[in-house]
Each structure stands twice: as structure tokens, then as C-alpha cells.
Amino acid sequence: MGRMGRILLLRHGQSTWNAERRWQGWADPPLSEHGREQARGAAAALTGKGLEVVASSDLARARETADIIAAAIGAAEVIVEEGLRERNVGEWSGLTDVEIHARWPGMLDAWRAGELAVLPGGEGDINVRVVAGLDRLWDLSAGRAVVAVTHGGVIRGLERHLGIAPQSVGNVGGRWIEGGPGAWRAGDPVVLAATGSAPTTIL
């Protein structure tokens, strides 16, 4: 296959809707102040780890997280990769779990059990576009390690696609993806949980 790529897929910091426990999808709320603190903690943890390229979904919560990381590690720019955008959750966007249970009884449980392929008005399998985005980042990185700020649904969906059980992904948590076009594989999970000025780091 030639050269190998290494991409750290990292979920964005807490958004204002995360704080309110609202489903987001393609909605575009900004980071909360706590989310900015998380992003700064993640940036400190990633400094000096050999990451040279920073990429991001096109949604604001990911872009802002990526901008903070890029400034910390000295990356010249943030590559915006639309393939890393969160799943479109359709009619559930902006709703809480309680509101979803009330309007679609049993459907949320079916979704979480993997028994429902598409949410009402939402997007089906996102892995074709996500993998295409990873392939483009592989092309652009020229062998350099990449941190790509994305979303929890993207990371969990890709884990399932790559044959491992999807994990719960907290804000500024994620997973290494290694390989290249046609041969991506799941690497180690990563936790970058900011606790004040001392982030807990598992890299």
C-alpha cells in the first residue's frame, strides 16, 4: 500500500447543546466556556506529541476546538474536511432524550441497540463519506501525523465499520485510526479529559 497514515480522531469540546443534553447532528451550536477549557486542556496534552497537521469537521464546535489545538501545536492552518461532519439526526436535532421518548416511544432504545438504521428525517450510513474524508486527509498529510476534530457519532460509526465495538466517546476523547485508503484499522482509544490545568491524558 505504500506509506502508512496515522490520524487521531478527536471529539470536539463541550458545546452549549451538549451542556443542555440536546441532540445536535448538523445543527451548529458553539462551544460552551467549559468546552473551550476542555479544548485548551487537550491542546496542552497534545503539544510535543509529534502531531503536525490539524483537520476539522466544518461545524463550529469542531472548528473552534481545532483552532485552539492548532495554535498550541504550531500548525499553520486547520484543514476543513466536510466528510468528518456529524450524522444528520433529522427530526431529533435540538431535542433531549426525554422529548424523543415522548414523541417516538421505543425508538431511541432501538437506535442505541443498533436495531434502527435511520433516524426520522435523518441520515443513514455515514461511513462512505467519513472514510472518503480520511482518504483525503491521508493524501494531504504526506506521512505526517494528523489530529482531526470530529464528532462522537462519527467515531462510534467508524469503530463499528472497522469491526470493533463502539465505545462511549466523551468530549475531547477519541481514537487513533491507522493505515491508509482501503486498509484503515482502529488503533488505541484516547482520553484527553481536562481537569483544571492538569488534563488526564491517555495517548
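What covers the buried residues of H7 includes E1, helix H6 (127-141), E4 and strand E5 (173-179). Here, buried means under 20% relative accessible area, exposed means over 50%, and partly exposed is in between, with a 1.4 Å probe and protein chains only. Helices (H or I, at least four residues) and strands (E, at least two) are DSSP runs, numbered from the N terminus. This is a predicted model, so local features need pLDDT of at least 70 and side-chain atom pairs count only at pLDDT 80 or more, while totals for chains, interfaces and linings use all residues. Residues are numbered from 1 along each chain as its sequence is written, and side-chain values use heavy atoms, with hydrogens and water left out.

Back to H7 itself: seven of the 10 residues of this helix (residues 152-161) are buried, so it is largely enclosed by the rest of the structure. The buried ones are Gly152, Gly153, Val154, Ile155, Gly157, Leu158 and Glu159. After H7 comes Gly163, with a positive phi near 90°.

## H6 against H7

The axes of H6 and H7 come within 10 Å and cross at roughly 95°. That makes H6 roughly perpendicular to H7. For the record, axes are lines fitted to C-alpha atoms, for helices over the stretch in contact, and angles run from 0 to 180 degrees between N-to-C directions. Angles under 35 degrees count as roughly parallel, over 145 as roughly antiparallel, 65 to 115 as roughly perpendicular and the rest as oblique. On the H6 side, Asn127, Val130, Val131 and Leu134 make the contact, and on the H7 side Val154, Gly157, Leu158 and His161 do; contact means heavy atoms within 4.5 Å.

## Two nonpolar cores

The largest nonpolar core has 22 residues, and Leu8, Leu46, Leu51, Val54, Ile69, Val147 and Leu192 have the most contacts inside it. A nonpolar core is a set of buried Ala, Val, Leu, Ile, Met, Phe, Trp, Tyr and Cys residues joined through side-chain atoms within 4.5 Å. Strands E1 (5-11), E2 (51-56), E4 (145-150) and E6 (185-193) each supply at least two residues of this core, as do helices H2 (33-46) and H3 (60-73). H3 gives the largest share, five residues. Apart from this core lies another, of 20 residues, among them Val53, Ala55, Val131 and Leu137.

Val147 is a handy place to start clicking around. Leaving aside neighbours within four places in sequence, Val147 is in contact with Leu8, Leu10, Leu46, Leu51, Val53, Val54, Ala55 and Ile69.

## Tryptophans and arginines

There are two aromatic pairs, where rings of Phe, Tyr and Trp (its six-membered ring) pair if their centres lie within 6.5 Å; planes under 30 degrees apart count as stacked, over 60 as edge-to-face and the rest as tilted. Trp23 and Trp92 pair edge-to-face, at 5.1 Å centre to centre with 90° between the planes. This pair links distant parts of the chain, 69 residues apart: Trp23 is in the loop between helix H1 (16-19) and H2, and Trp92 is in the loop between strand E3 (78-80) and helix H4 (97-103). The rings of Trp92 and Trp104 have centres 6.0 Å apart and planes at 50°, so that pair is tilted. Trp104 is in the loop between H4 and helix H5 (107-112), 12 residues from Trp92.

Trp23 is buried, Trp92 has a relative accessible area of 0%, and Trp104 counts as buried at 14%. Elsewhere, Arg6 lies over the face of Trp176, at 3.7 Å from the ring centre, and Arg85 lies over the face of Trp26, at 4.9 Å. The rule for a charge over a ring is NZ of Lys or CZ of Arg within 6 Å of the ring centre and within 35 degrees of the ring normal.

## Loop residues to look at

Glu81, in the loop between E3 and H4, is buried, with a relative accessible area of 7%. Not counting residues up to four places away in sequence, Glu81 touches Ser56, Ser57, Asp58, Gly133, Arg136 and Leu137. Gly121 sits in the loop between H5 and H6 and counts as exposed at 61% relative accessibility.

Two residues other than glycine have positive phi values: Arg21, near 60°, and Val172, near 50°. Arg21 lies in the loop between H1 and H2 and is exposed, with a relative accessible area of 67%. Val172 is in the loop between H7 and E5 and counts as buried at 0% relative accessibility.
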